Every structure is written in structure tokens, then in C-alpha cells.
Amino acid sequence: MEIHVDFNAIDTVTETLGWIVIVFFANKIYQKQMVKPKVWKIPVIILAGLISLSINWNMFDVIVKLPILPLGVWILYFVRKRKDRAERWQTYRSFAWLGFGANFIFFASTLLTIPVHHAIYPKDEPSVHISKVTNAAIIKIHPSAKDRSLNKDSLLNQLDTLRQEPIYSNRWYEETIMNTESNKRNERFPYQLIGTSSKWGSGLHTLIYVEEDGKGILLSAPKMQLYFRSKDSLLEGGE
């Protein structure tokens with residue numbers, strides 16, 4: 001049984017720092033207030049203040065959210081105004097707006113995370129996706145695959161020298177499907193590499209396919225595909 005833990009260390013660190021900043025400002029607000037609110041209500045108000053209407057867009061395969069309307073603050077305002085006197089709302093108003101402001105803290109942390117993550121875990125380097133090969137093996141995913149096994153030493157020795165090449169999707173489709181009789185079709189990537197793990201803390205979970213000649217690997221993630229060629233075969237008897 002394989003267990004994948006997609007732990008993203010950069011996201012975890014920046015989110016933790018973000019919450020530390022929020023707690024810092026919450027404490028500053030609390031100390032300055034003449035009428036102290038109940039402490040247990042403060043995180044509830046802040047979390048409610050986080051609710052917002054946001055604009056989302058994709059930046060380097062990361063969804064970035066820019067808050068534009070403080071829906072949580074508005075909801076809290078109408079609830080508190082209706083249930084209590086206006087003075088009670090004044091007690092919690094700053095915490096509600098802090099919750100909305102927290103969206104911008106996380107927005108900034110996401111913008112910071114993107115270049116830092118790319119610098120520490122460059123996605124175009126195979127060694128980031130294939131870090132540990134102790135339990136690595138290949139499985140056949142197409143009937144055209146032959147009985148071969150993974151050469152771990154070859155994989156380890158060539159990880160840093162794999163050469164990235166373009167993905168010719170149309171040409172590959174024509175070669176394997178269009179110009180070949182159905183009973184003679186071979187899958188270009190009939191093997192899947194399993195039992196590997198990406199570099200610790202990268203949060204990357206990539207499917208890895210091995211080419212029929214054992215010299216090509218295809219790294220496939222939801223928003224990315226990369227193709228690499230090796231000098232020697234990664235499979236036993238793959239020449």
C-alpha cells in the first residue's frame with residue numbers, strides 16, 4: 001500500500017507566519033480596548049471576518065485569491081446590530097475587520113510562496129519529482145509492455161543528466177494510433193514508475209510514466225507534463 005503525503009513546507013511556513021501576524025495584531029487590538037470582549041469570541045469573529053468575495057486567478061499553477069468584498073464583516077454587523085446594542089458591535093468591529101485584512105496577509109504570503117517554491121523546488125528538474133527510489137519499481141499499464149524491471153542504479157546515476165525534450169503529442173498520436181493497425185498498436189509509455197517520492201516538503205505528487213525503450217520518462221501532474229530522455233535505458237534489458 002502506498003501512502004502519499006503531499007506536505008508543502010513553504011505553504012505551511014508562510015501560513016504559520018501569517019497566523020502569527022494575525023494573533024499579534026489581535027492582541028494589540030485587545031490591549032487597546034477599554035471594554036474587553038470575551039477572549040473565546042475573538043477567533044470566532046476573526047474567522048467570520050475572513051469570509052469574503054474574492055477574485056481568483058491562476059498564477060504559475062497556483063490559485064491566488066484577491067478579496068474585494070468583506071462579506072463576513074457585513075454579516076457580523078447585521079447580526080450584532082440586531083441582537084445587541086450598537087456598543088456591542090464596536091467591541092468586535094476591529095476584530096472583524098482584522099479577519100478581512102487577514103485575507104490580504106494570506107494573499108501576500110501566496111505571492112511570496114510562488115517564487116520561493118520555484119527556487120527551492122524547480123519543477124523542471126526530475127530529481128525534485130524523483131527524490132527517493134528505495135522502493136521504486138515499474139508496473140505494466142498496457143498489454144504491449146514487456147516483462148522488464150527497473151534498473152535503480154541507472155535511474156539514480158542519470159537523474160541529474162536527464163535531458164528535457166518537447167512533447168510531440170500530435171506526432172506521437174499519429175505514430176501510435178493513426179498509422180498503425182489496431183491489433184499492432186503499442187503504447188508509447190507502457191510502464192508506470194511507482195514507489196518513488198518527491199523531494200521532502202515540495203508538496204508535489206507526480207505520476208511518472210516510462211517509455212517503451214526505457215530511455216524516456218513522462219512526468220504528469222494535473223497542470224503540468226514534462227518529458228525527459230536518458231542516455232542509457234532505465235530498464236533491465238531495455239536496450
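Which residue forms a salt bridge with aspartate 147, and how far apart are the closest N and O atoms? Lysine 140 is the partner, with 2.7 Å between those atoms. This is a predicted model, where local features need pLDDT of at least 70 and side-chain atom pairs count only at pLDDT 80 or more, while totals for chains, interfaces and linings use all residues. Residues are numbered from 1 along each chain as its sequence is written, and side-chain values use heavy atoms, with hydrogens and water left out.

**View A. Two salt bridges, Asp147 to Lys140 and Arg163 to Glu165.** A salt bridge here is a side-chain nitrogen of Lys or Arg within 4 Å of a carboxyl oxygen of Asp or Glu, and that rule gives 5 of them.

**View B. Glutamate 211 and arginine 188 in a salt-bridge network.** The closest N and O atoms of this pair are 3.1 Å apart. Glutamate 211 sits in the loop between β6 (207-210) and β7 (216-221), and arginine 188 in the loop between α7 (169-178) and β5 (191-194), so the pair ties together parts that are 23 residues apart in sequence. (Helices, H or I with at least four residues, and strands, E with at least two, are DSSP runs numbered from the N terminus.) Both ends are tucked away: glutamate 211 is buried at 4%, and arginine 188 is buried at 17%. Asp213 and Arg229 join Arg188 and Glu211 in the network.

**View C. The largest nonpolar core, with leucine 193 among its members.** A nonpolar core is a set of buried Ala, Val, Leu, Ile, Met, Phe, Trp, Tyr and Cys residues joined through side-chain atoms within 4.5 Å. This one has 20 residues, and those touching the most other members include Ile130, Leu193 and Leu219. β5, β6, β7 and β8 (224-229) each supply at least two of its residues, with β8 giving the most, 3 residues. Leaving out residues up to four places away in sequence, leucine 193 touches Ile130, Ala136, Ala137, Ile138, Leu150, Leu155, Ile208 and Val210 (contact means heavy atoms within 4.5 Å).

**View D. Serine 233, in the segment after β8.** Serine 233 is buried, at 7% relative accessibility. A polar atom of its side chain lies 3.0 Å from the backbone nitrogen of leucine 235.

**View E. The largest pocket, about 750 Å³ of space.** On a 1 Å grid over the protein atoms alone, a pocket is an open set of points where a 1.4 Å probe fits, with protein on both sides within 12 Å along at least five of seven lines; lining residues have an atom within 4 Å of a point. Grid points are joined across faces, edges and corners, and the volume is the space filled by probe spheres set on them. Of the 34 lining residues, Asp11, Asp61, Val62, Ile63 and Thr110 are the closest to the centre. α1 (9-32), β2 (62-69) and α4 (86-120) each supply at least two residues of the lining, and α4 gives the most, with 9 residues.

Definitions and conventions:
Buried < 20%, exposed > 50% of the residue type's maximum accessible area, 1.4 Å probe, protein only. Polar contact = N/O pair within 3.5 Å; in protein donor to acceptor, adjacent residues only side chain to side chain.
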